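This report describes how one protein chain is put together. Look through the sequence and the structure before reading on.

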Amino acid sequence: MAILKEFEDMCDTPLGKLKQVAEAMTVEMHAGLASEGGSTLGMLISSVDNLPTGNEHGLFYALDLGGTKFRLSRVQLGRKKRRVLEQESTEVSIPPHMMVGTSIGLCDFIAEKLAMFVATEGDGDFHISPSRQRELGISFSYPMTQTSGTPIRWTNPSVSTDGAINQDLVGQLTQSMKRRGVDMRVAALVNDTIRTLAGERYLNNDVVAAVTLGTGTNAAYVERASAISKWRGVLPKSGEMVINMEWGNFRSVHLPLTEYDHALDVESLNVGEQSFGKIISGKYMGDIVRKVLLKMAEEADFFGDTVPSKLRVPFTFRTHEMSALHHDNSPDLTLVGSILKDILGISNTSQETRRAVVEVCITVAERGARLSAAGILGILKKIGRDTVKEGVKQKTVIAIDGGVFKHYSEFSKCLENTLKELLGEEFTDTVVIEHAIDGPRIGAALLAASRSLYH
Ligand code: ADP
């Protein structure tokens, strides 16, 4: 219990600390906008300098590529007044052998499914003008570069500038589509956070930022073009640009790091990088819990005389399990008992033991959720939405997507409550967090539309 107590103390995130983290995030954002490489944040100027305006019209397709599945969608857009007239999606699991195989195999597979999807266009209310080629927007999420630990060949995990990367993917998919007789042009290629921002802002102009909290984590927001001093190009007409923060890489002396975080970092493939991501994202939170339990087992015989061998295996205990334990409301923690048995091979746990294990999960989740809220406050500070201007409180929406936010409700509740605490009652009604549901489905198609050759 002393190990647990020490861990809890080290993870403590009182409001004062969170405000320091938020301030540090704002400072890093300024630095990243001033010069390339001047910050731990990427602050990448997205190639999507024009978000959809609402004037888009016609039929557009989207491919949202994740680590284990992809989604194909189409939307029929009807300009400002009528917006999304019709929309349809289908989800496809990627067969495991394709995740580690060559990109050509996967592209052929996608093209095959795309051909089938296009063939059903006429069943709904979708139509394309005879003179137009179909246009496709692609979004990809982080695990695409990290499936089962084996990077797919056409992705480069070290490069994360959206738009500029994966030209290979565009080329290969285009070839595969040709072979399959799908007449489609790839008009946009973005990461999932930018896609969410584009879709959510199209649906609600009060959306200022999008955050992804899934296997990986990231944030993107809308910045005044004039505030981006490193930008040398022509300023966009809208006066706004989208910034891909790559916030997983954020680092600050104010982050509450423990010996377990240091160990996780040292054992990782990207030592010294992704400090923020290693605390708040789904890929790592479960493993931090495992490391704490391992120390309790090794140094205090917490699970009996022998150390359960599965506890020694990295990533055996995932954020999925952590969240299941955390949500067990039964009086004797039955589910906790069965998960410990099934996943970690630890049987006959006492109620006290189970309670302590849940305590570890709560500590890791609360630290992650509260720091995520601090990160969001950093963005709000940067764009001046944390204060009242000339007596007017502007409605401000942050759209959040990703498996952790969606499924780990104790995490999301804590994040929302913490942001409220940080901002104070004054902003309770004006700054809101929304779960992004529709935006991610249409975002990539909208970006294809805003880059359409047929305006
Ligand atoms: P991606 O892998 O593209 O980020 P998602 O946004 O769906 O896809 O996020 C998946 C991640 O969400 C998983 O890796 C896991 O960390 C987390 N996750 C999924 N389901 C749960 C759950 N029930 N509880 C907690 N975390 C979950």
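How many bridges join strand β7 to strand β10, and do they run parallel or antiparallel? Five bridges connect β7 (residues 207-213) with β10 (residues 396-401), and the two strands run parallel. This holds for a predicted model, as does everything that follows.

**The six-stranded sheet**

Strands β7 and β10 belong to an open sheet of six strands, ordered β1-β9-β8-β7-β10-β11, with mixed pairing. Because β1 (44-45) and β11 (431-435) are at the edges and each has a single partner strand, one side of each has no neighbour in the sheet. Helix α7 (residues 192-203) packs on this sheet, where it touches β7, β8 (217-224), β9 (240-244) and β10. The direction of α7 makes about 145 degrees with that of β7.

In general, the strands of a sheet pair through backbone hydrogen bonds, in either the parallel or the antiparallel sense.

| Strands | Sense | Bridges | Opposite residues |
|---|---|---|---|
| β7 and β10 | parallel | five | Thr212 and Asp401 |
| β8 and β9 | antiparallel | five | Val222 and Val242 |

Strands β7 and β8 also form a hairpin, with three residues between them. Is β8 enclosed or open? Six of its eight residues are buried, so β8 is largely enclosed by the rest of the structure.

Gly402 lies in the loop between β10 and α14. It counts as buried because it has 26 C-beta neighbours inside 10 Å, and 20 or more are needed for that label. Apart from neighbours within four places in sequence, Gly402 is in contact with Thr212, Leu213 and Gly214. The C-alpha atom of Gly402 is separated by 9.5 Å from that of Thr193, although the two residues are 209 residues apart along the chain.

Which residues come nearest to the ligand? Of the 17 residues around the ligand, these are Gly214, Gly282, Ser323, Gly403 and His407. By class, the shell contains 13 polar residues, four nonpolar ones and no charged ones. Helices α11 (319-326) and α14 (403-407) each supply at least two residues of this shell.

Helix α11 is mostly covered, with six of its eight residues buried. The buried residues are Thr319, Glu321, Met322, Ser323, Leu325 and His326. They pack against five helices: α10 (282-300), α12 (334-344), α13 (351-382), α14 and α15 (409-423).

Phe315, in the loop between α10 and α11, has a phi of about 65 degrees. Leu333, in the loop between α11 and α12, has a phi of about 55 degrees. Phe315 counts as exposed because it has 12 C-beta neighbours inside 10 Å, whereas Leu333 is buried, with 21 other C-beta atoms within 10 Å.

**The nonpolar core**

The largest nonpolar core has 125 residues. Those with the most contacts inside it are Ala209, Ala220, Val289 and Ala445. Helix α13 provides the largest share of this core, 13 residues. Setting aside neighbours within four places in sequence, Val289 is in contact with Phe317, Met322, Val360, Cys361 and Val364.

**The five-stranded sheet**

Five strands form another open sheet, in the order β4-β3-β2-β5-β6, and its pairing is mixed. Its edge strands are β4 (84-93) and β6 (184-191); each has a single partner strand, so one side of each is without a neighbour in the sheet. From one strand to the next, the twist averages 20 degrees.

How many bridges link β3 and β4? Strand β3 (residues 69-78) pairs with β4 in the antiparallel sense over nine bridges. In this pairing, Lys69 stands opposite Ser93 in β4. Helix α5 (residues 103-119) lies across β2 (57-65), β3 and β4, and runs at about 35 degrees to β3.

Technical notes: Residues numbered from 1 in each chain as written. Predicted model: local features only at pLDDT ≥ 70, side-chain atom pairs only at ≥ 80, totals over all residues. Near = placed C-beta within 6 Å. Helix = DSSP H or I, 4+ residues; strand = E, 2+ residues; numbered from the N terminus. Nonpolar A, V, L, I, M, F, W, Y, C, P; charged D, E, K, R; others polar. Pairing = 2+ DSSP bridges. Contact = placed C-beta atoms within 7 Å. Axes fitted to C-alpha atoms, helices over the stretch in contact; angles between N-to-C directions. Core = buried A, V, L, I, M, F, W, Y, C linked by C-beta atoms within 7 Å.
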